[in-house]
Structures are given as structure tokens and as C-alpha cells.
Amino acid sequence: MRQISRRRLLGSAVAAAGAIGCGAWAAEAGRKTGRAKVVVVTCPDVIDKDKPLNAPALRRMMDAGITALAGKRDVKEAWKSFIRPGDNVALADSGTWLNNVPEVVVETMRGITMASPKAVTLTYCALDEMKPEFLSQLRDGLKRQGISPSLMDGSVYTIKSNYHKRNYTSLVMTPTVKRHSIAGVGGVVKHYSTMSKDGPAPHHPNAMETAGSVIVPEFGHMSHLVIVDALRFGDLTKGPMFWQKSLIFGTDPVATDVIALEVYLRNCKPYENLPPERHRILADTRYHAGISDRARIDVTDIRV
Amino acid sequence: MLGRAGGVAQWRSVTVRASRTGAALWVALALALLFASGWAASPAWPGQQSIAQIVGRAHVPGWTPAGAPRLLTGDAIFGYMDGAGEIPKACGYRALLVRRYAHPSLGHLTLELYDMGSSSDAFGLYSMKRTPTSHFVQLDHRAALDQGQLVFWKGPYAAILYFEAPQQRADAHLLAFARALSRAISQRGAPPDLLRYLPRRGYVQNSARFFRGKAALDIIHFVPEDIFGLRTGAEMVVGTYSTPPGIILVARYPDGQAAQRALRAIYRSSSGAQAVGRGRIVGAAWATSPSARGRLLRMASSALLRPGPPWPDG
């Protein structure tokens, strides 16, 4: 993984812009270039097991990641690379069991609104309602950013979901990564199946081998921006187990998930003997939803 | 064990005994909350009152219920725990009651109480949630403590208790809840009879697992194809062995023909498993080294001919 300073990154950012930006469907971009780009931003000071979130550090991480992914110097312009004025944007949180650090969702919402899309909805997972304190933190965080909590809607990301009934043109998501007793390690591709109109259950057999099958048919008409909340990695339903302190940015769901898994496996294990790479590879080779070949994924590693 | 054709559940009634003064009040409160919170909208479920009473009596000083309890049956479990629901399903779960509790200084604790219908299946869910490296404590049966989570079983019930955030004094509170729940369940239950077909020599303590679905086997040894026919009503135990290193699997089928079909599928597959059959039981071995696999298979074959005594615990 290439490691560069933020200054050097900005210096070379424009050259890195291109195929993945402009709200294009990532798999389409991947087909054109044959490559995918993923940005990993890590900040040792952002959070820890016994240390609350450092909001300014998170802001720096978010700004560094989005500008690096877009290849733009200006944060607002970077967000506009992915969110267009005519977009009807759905922001999906991580869902339950490893809820997002609420500020990650709030910061993402802030970025989206900076790009001034036609409409935006925070389609939080309906299961979050089991954790009223999480929703209350989200509402309070939005208010602090001057964003109306009325943009929160728990009726879309239900199990089974209603995304297909709405006219969203852009999907932004903040999945978390966790040890998972069916997928081995759950992440981005699995998250799409959870957000699908039939729910995740039909995709459970055989280590969730069909999880990636929903991405193109159900979400392929939308532009995609994935911001993996890898501040902490989770363990099944038990909450955080490792404080990774990273955010992972990409527009190709499969490539972003492959890198998220790579980062996860540095310090955490899959669930027993389940093969966590399998459903990610099949999302590419069988369902053509993105790039899983590590040799064709360019990773930019940033420390802030 | 195998009498579940058509998915018809035979409910056993569970006698619940009051164990503390004021328990009746808690039961009444719990039932009132349950029925006021949408339980009544669930399909009729004969075990509803028993599971509610057990949870209602699980009162631990300092902790108060947070929100209404939820009862889940069938595929509704996926609406609660997504993929994690496959394991309880693979162990034959009938119903799940979820209740959160709050403590002024310790935050939230969640109780999941599963009605598994039989003590074999209750052991099965417990066995899928513990590992040999768990920290074990003795309740009515062995219970496993891991990183702020406690798993135990008693009678036809399995329970998982966990803190939502790391706590330094977690274990004492988890055990207090577990003991309160245990007191409210009168039946002790016994581990599955199928465990007798696992050899004891070389067995890694607390490694045996019991289940009925492929999703559970996938966790232990992933093979994309259902070579053991676990989607057709078989039950299986799997034990880990240190000498020689590997695993032994024993499956019991509804009839001899199903066992024969599984044997053929195992030998046709490229899974690397070797198997032997006796009537409606199939024993199989997996190991990375061929010699270890051969030795494990001989041990499995022997145990099929001469099963051991019932296991007192798993």
C-alpha cells in the first residue's frame, strides 16, 4: 500500500482524478479503466477504546479522504465530484450490531449537503430504533451541523428495504466491518444485500455467496460513494473489538470492500473457518459489480 | 430428535417456579409490556407465556428493563439479527425473546432467551456460541464467558447475555442475570445423545457442536455443496481433536437411504472428507494430513460400532 503525506497527495491530486469521479457508476468506471481506486485514511488520535471521538480529527480524515478520492484540492468541489445538483441522494448508515460512530454519518451528511443536491435523505436502518440513544445522537449531531433531523427517514432501509420504490439517483453509504457468523467478515458487499428489496436472508447460504448479486440489478442505476467506517471493527453482535481508526473511501463497492477486508485482516480474524473473501470475489467474477482483483485496485494510504 | 417432519413443533410446557419475593409483580409487569408492545400481533405461539414468565422473573438489583421486550419466531429473527439468525435456525430455534436492561452506571445489557424446543437443541445453540478457549463457569451446566458475553443453556432454553459496551465488572452482572434466569427454569435437560458417537480420546474439551443446518457446518469447515445433506433433516455433532489434529463429524439421518445418499455425495466431492456409515449414522473425518485423517476415520468408525456413555456435559 502506498503511503503519502497529505501535502504531496494534494499536489498530485488532479492527476489522480478521472474515471471514478463525476458520479459515474463505479463498475462502469472500472470497465473503462480496468482499475479501481480506494483511499484509506487513518488518524491515531481520532478515537480509542477509552477515548471519545475527536471531532476535529474526524473532520480532517473526512476532508482528506474525499479530496484524495476525487483528486480535488477543495473539499466542497470534491463532494461535488460525487454528488450532482440534480441528485436525489440516499445516505445509508451501517445498520445495527456495529452502529456507526454517529459523527461519521453526520460528517457524511454534512459533505453531501455541501454539494447541494436536489434532495437528500438519511435512510437510517429501521433496526436502529432498538437503539434510541444512537438515533438521538444522530439527530443532535445533525442539528449541530445546521442540518434538519427531518431528513432522517427510517421507512426506506427496512428489512426488506424500499430503496427500489424511491427515485434515488445517488447512494452514499457508511458501512462498518465486523466479524460475521455467516459471511466470515461483513462489510460493503454484504451491506448491499442487507439493503436489498428481499432483505439479506435469501443471500445467507454458503457464506453469503450471492450477496453481490443485488448490486447491479437493484442499485446499478445510482452513483455510489462508499465511506467505510473503520474507526472500529466489530465482533458479531458484541460491538467493537478493535479500534482501527480509519475511514476507507471508494466508488467501487467491491474494490472498497476488498481493501476494507485487507485492513481488517491485519489485526482481526474472520469468524472461525468461513472464507470472508469468497462473496467479495463472486461479486466481481459472477455478478460483475466491481473489481476484486487486488492487482487492479490502487490504494492510497493517508495518515492525518 | 428427528420427529419434526413438516416443521410441526411439539411444545413442552415448562414449569416455572417463583424464586423471590415480588416475582409475581415482575411477571405481571413483563406480560403487560409484552402484550402492549406488539406481541399480541405475532402468530399464536404456545410457549409465549412461559418464556415471558422466565424473563419476567429475571430481576437483578440495579437493573431495570429498558423498552419493551421483543418476541421473534420463524424468519422474523432475520429482522432482528440479520445473518446471525442462521445459527439459531440451524439449531432448530422456536422463539427468541429479546430484552434490554439499563443500569445507572453500567449502561445497557441485552438478554436473548431462545426457546429451542428441546434440551439437545438448547445445548446446540450454546455449543455454537462457545469455543474451547472460552472462560467456563459452572451453572446448572457449563456456561461460557467471553468479552462481556455469557452463553448458557438449561432445559429447552439457551440464553445469551451481553453488554453493549465494554465493562470492567461485566462478569459478575452477567452471572447474576444468568443465575436469576436459571432459577426460573425448572428442567435441567441433558446434552444430545448423538455426542456418544464422538470418540473421547484426543478430544479437545468444550469443542463439540450440535446442529441441524449447513450454515452451522460452514463455520466449522466450509464446503459450498451440502455434501452431508444437512438441508434434509439430519442432525450432526462435530468434535475437534488434538491427537491426531482434525475434526470428526457424526450425522444422523431420518433413514438409511438418506445416510447412503450423503455417503455417496461425500465421496464424490472434492472436500477431502472421508466417511463411514452404519445404518442411518455417518461418521466422517477431516484433517490436513492424510495420515491424521485416516486415524480419525478409524476412531470415528470404532465409535459408531461402540458408542460411549451419555456425556454429562459438552
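**Entry 1: Glu209(A) and its partner**

I began with Glu209(A), which is buried at a relative accessible area of 14%. I noted that the model is predicted. I then looked for a charged partner. Glu209(A) pairs with Arg286(A) in a salt bridge, with 3.9 Å between the closest N and O atoms. Arg286(A) is partly exposed, at 38% relative accessibility. I placed both residues in chain A: Arg286(A) sits in the loop between α11 and β11, and Glu209(A) in the loop between α8 and α9, so the pair ties together parts 77 residues apart in sequence.

**Entry 2: a bridge between chains**

Next I checked Arg209(B). Its salt bridge goes to Glu272(A), and the closest N and O atoms are 2.5 Å apart. Arg209(B) lies in strand β8 of chain B and Glu272(A) in the loop between α10 and α11 of chain A, so this pair joins two chains. Arg209(B) is buried, at 7% relative accessible area. Glu272(A) is partly exposed, at 29%.

**Entry 3: other salt bridges**

I looked up the total: 21 salt bridges over all chains. Among them is Asp293(A) with Arg296(A), at 3.7 Å between the closest N and O atoms. I also found a network in which shared partners link Asp121(B), Asp193(B), Arg196(B), Arg212(B), Glu235(B) and Arg252(B).

**Entry 4: two helices of chain A**

Last, I turned to helices α4 (residues 75-82) and α5 (residues 102-114) of chain A. Their axes come within 8 Å and cross at roughly 85 degrees. The two are therefore roughly perpendicular to each other. From α4(A), the contact uses Val75(A), Lys76(A), Trp79(A) and Lys80(A). From α5(A), it uses Thr108(A), Gly111(A), Ile112(A) and Met114(A). I sorted the contact residues of α4(A) and α5(A) into four nonpolar, two polar and two charged.

Conventions. Residues are numbered from 1 along each chain as its sequence is written. Chains are lettered from A and ligands numbered from 1 in the order in which they are written. This is a predicted model: local features need pLDDT of at least 70, side-chain atom pairs count only at pLDDT 80 or more; totals for chains, interfaces and linings use all residues. Side-chain values use heavy atoms; hydrogens and water are left out. Axes are lines fitted to C-alpha atoms, for helices over the stretch in contact, and angles run from 0 to 180 degrees between N-to-C directions. Helices (H or I, at least four residues) and strands (E, at least two) are DSSP runs, numbered from the N terminus. Angles under 35 degrees count as roughly parallel, over 145 as roughly antiparallel, 65 to 115 as roughly perpendicular and the rest as oblique. Contact means heavy atoms within 4.5 Å. Ala, Val, Leu, Ile, Met, Phe, Trp, Tyr, Cys and Pro count as nonpolar, Asp, Glu, Lys and Arg as charged, and the others, Gly among them, as polar. A salt bridge is a side-chain nitrogen of Lys or Arg within 4 Å of a carboxyl oxygen of Asp or Glu. Buried means under 20% relative accessible area, exposed over 50%, partly exposed in between (1.4 Å probe, protein chains only).
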